[in-house]
Amino acid sequence: MLLAFGAGVATCVVWRAGLIDSLQAGFVVNVSHGEAPLQTPQTWLGLLLIVGVSLSSGFLVSRAGARSSFWILGMGFLSTAAASLLASRYLKVDIVFAPMAIGSISAVFVVQLYRLWLIDSLLTNRVNETSARTDIVEPGLSQGRLGSGLKLLQTILPLEEAVLFQPNEFGKLVPVARVRRSPNGTLQSERNKVWRRLVNLCDQAVQANEIVLSAAGEIDSFETVAMPVQHESHVVGAMLLRLREPFDQSDRRLLAAVGGQLARNLQREEARKKRLNGNLPALVSARTSGHRLHAFDYLSGVITEQRFGAQVLAEAPDAYALAYLDGTIAYLNKSMLAAAKLDHDEAQSIDLFVLLDQFKSGVFDEPAIAVRRVLQSGQPYERELAFSDRNQTLELRISLTNEATARNGNGNGKSSGNGNGSHESGPLCFAIRVRDVTRLKEYDQMKSDMISLMSHELRTPLTSINGFAELLAIDEGIPEESREFLQIISNESQRMSRMIDTFLSVTQLERADKKEVVHVPVRLDELVRETISTMQPVAKKKRIRLVDQATGTIPPVAADKSLITQALMKLLDNAIRYSPERTTVTVSTVLEAECVRVIVEDRGYGVPAESIDRIWEKFYRVVRDGQEKDEESTGLGLAFVKEVVEQHGGSVSVESEVGRGSKFSFALPRL
């Protein structure tokens, strides 16, 4: 409204200065000789009319827009012009039509220009924001990506040299990236005649918009290929290849593909250098228009690159579908069509819920509830769907994809969120994955059967063997030599039994869902004292002293007390077993930043450096210099400890030096 008011005031000034008298005379009927002169409104009334009409016109355009206001203002202009002629002819009154018309037109012009400027500024900001949000390459990596494309060509083609050109502000091609086979084989000086001919060849390729060839001997000893670098028919530069062998025409498709990627990289770099600003609208600024064109070219390239995701999903063995938040299906790969038993025509007319209905089963009979839960919590919905009629088990996952999770994670991404790299944004779409786990379930069943076999079919005869060996050993009539053999049978059967028990414990832990572990507040310092008391008889048999090293108040952790006790007992058992007599095993509980660590330190034989990384593996037993493997060890104790601790969200570590002892520890998150 201020702009319309200003236009009206300016028109009043021009009118009072008499600068539009001749124009004003064209909209009145001149009086005849001897008739009274035309009467004009008083000055204040004329000014009021001009300003009022200007304000009304500006208000109408600002509210309804220029297109909708055109007919109203046009009819008003014609009717007021006719009224001016009639009033001057019959009433001898000049209604100051010309100043009012000029004020109205001026107001419409400045208000519409202001609206265009606002829209242009908003568009500029949106383009900048979108460019920044889709900027998938850091500035420092842009030049590297240009060179990477040329190195790719150097790897698969017999290249002596490859140069990428881009036009500067004067339209002259200048090199922006170059790779060469040998440093001595390149042309550096622009005054070099051969170099100028090579650049001219690139100019020809850009102008003709096709590959231009120069046979070996025409320019120099190499065959030369010049081709335009373009994306979506927009040429952004040229590429020069100097070949040691004749050009293979079948490589044209390869060059077009790599050239397209290089073109997108050039557009990206150009758009980054020429960030838009809102100082002048594009309709009055060639510079702003050019910068915006670069930005749109860049966004076009990014959209092309981001289509790669759908192409990758098309080749995935799992079934994938993407759906917009309104339920419309955006994408289905071939595996999803097969899993849902849909043909291509049926897939065109279904929505999210029709797709999910194809997977209804006993535990998934209300897809709408699952979708609602995902939208409410933002957490994925996962279920295993068993279809007994076709002997198939499918794993269904419904999740929301947002901008943060959609960003690539290879180090080339740039987040625009907070300082720690996170990016808060709303959901973009639904991602549905269906995986056939029938074979995995069959393998799990085979594993369960094997475990059942070990648990019953092996343990039962071992118990019988051990029992009869002990009975025979009691018989006083058995010779001493035979008694020794019976003792070996008994010891070995007991060792086998312990191995089976530990193996079953580890296997059951691996198969159990982490959520099934019962977490209760546990004070590890108290648990350490209880465990030391339990293990004291074992330590005394070997004349080893167990010491609890207190370190002050320790906060509790969330853990399954029984499992953690078993893990600590296995660490203590190892420390006692592999320590010399009359040594000390120290157990300490330490509070760290976000966890509580339990450390078991001995003065035993130590672990060789080559075995440190493998001691947590199942069935691995350390071989020390001059010693055989410990036949008493099952090789499963440390694997059990690691499995238990990791199920509690913790970690294990070891420090050891041969001949000086070892320090085993595990850490659990504190409450």
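1. Helices (H or I, at least four residues) and strands (E, at least two) are DSSP runs, numbered from the N terminus.

2. Some ground rules before going on. This is a predicted model, where local features need pLDDT of at least 70 and side-chain atom pairs count only at pLDDT 80 or more, while totals for chains, interfaces and linings use all residues. Residues are numbered from 1 along each chain as its sequence is written, and side-chain values use heavy atoms, with hydrogens and water left out.

3. Back to H19. At its start, a side-chain oxygen of aspartate 560 comes to within 3.1 Å of the backbone nitrogen of serine 562. That is a polar contact (a pair of N or O atoms within 3.5 Å; within protein, one must be able to donate a hydrogen and the other to accept it, and residues adjacent in sequence count only if both atoms are side-chain atoms). The buried residues of H19 include Leu563, Ala567, Leu571 and Asn574. Here buried means under 20% relative accessible area, exposed over 50%, and partly exposed in between (1.4 Å probe, protein chains only).

4. Isoleucine 576 sits in H19 and is buried, at 4% relative accessible area. Leaving out residues up to four places away in sequence, isoleucine 576 touches Met535, Val538, Ala539, Lys542, Ile544 and Leu546; contact means heavy atoms within 4.5 Å. Methionine 535 is 41 residues away along the chain, with 9.4 Å between the two C-alpha atoms.

5. Now the largest nonpolar core, which has 40 residues; Ile615 and Phe666 touch the most other members. H19 gives the most to this core, with 8 residues. A nonpolar core is a set of buried Ala, Val, Leu, Ile, Met, Phe, Trp, Tyr and Cys residues joined through side-chain atoms within 4.5 Å. Among the residues touched by isoleucine 615 are Val607, Tyr620, Leu638 and Phe664.

6. The rule is a side-chain nitrogen of Lys or Arg within 4 Å of a carboxyl oxygen of Asp or Glu, and by it the count comes to 21. Aspartate 573 and arginine 577 are 4 residues apart in the helix, so about one helical turn separates them. Aspartate 573 is partly exposed at 25%, and arginine 577 is partly exposed at 29%.

7. Compare arginine 242 and glutamate 161, whose salt bridge has an N to O distance of 2.7 Å. Arginine 242 lies in strand E5 and glutamate 161 in strand E1, so the pair ties together parts 81 residues apart in sequence. Both arginine 242 and glutamate 161 are buried.

8. Take a look at glutamate 223 in strand E4 too. Glutamate 223 is buried yet has no salt bridge, and the nearest side chain of opposite charge, arginine 252, is 9.1 Å away. For charge, Lys and Arg count as positive and Asp and Glu as negative; His and the chain ends are not counted. What the side chain of glutamate 223 does reach is the backbone nitrogen of phenylalanine 247, at 3.0 Å.
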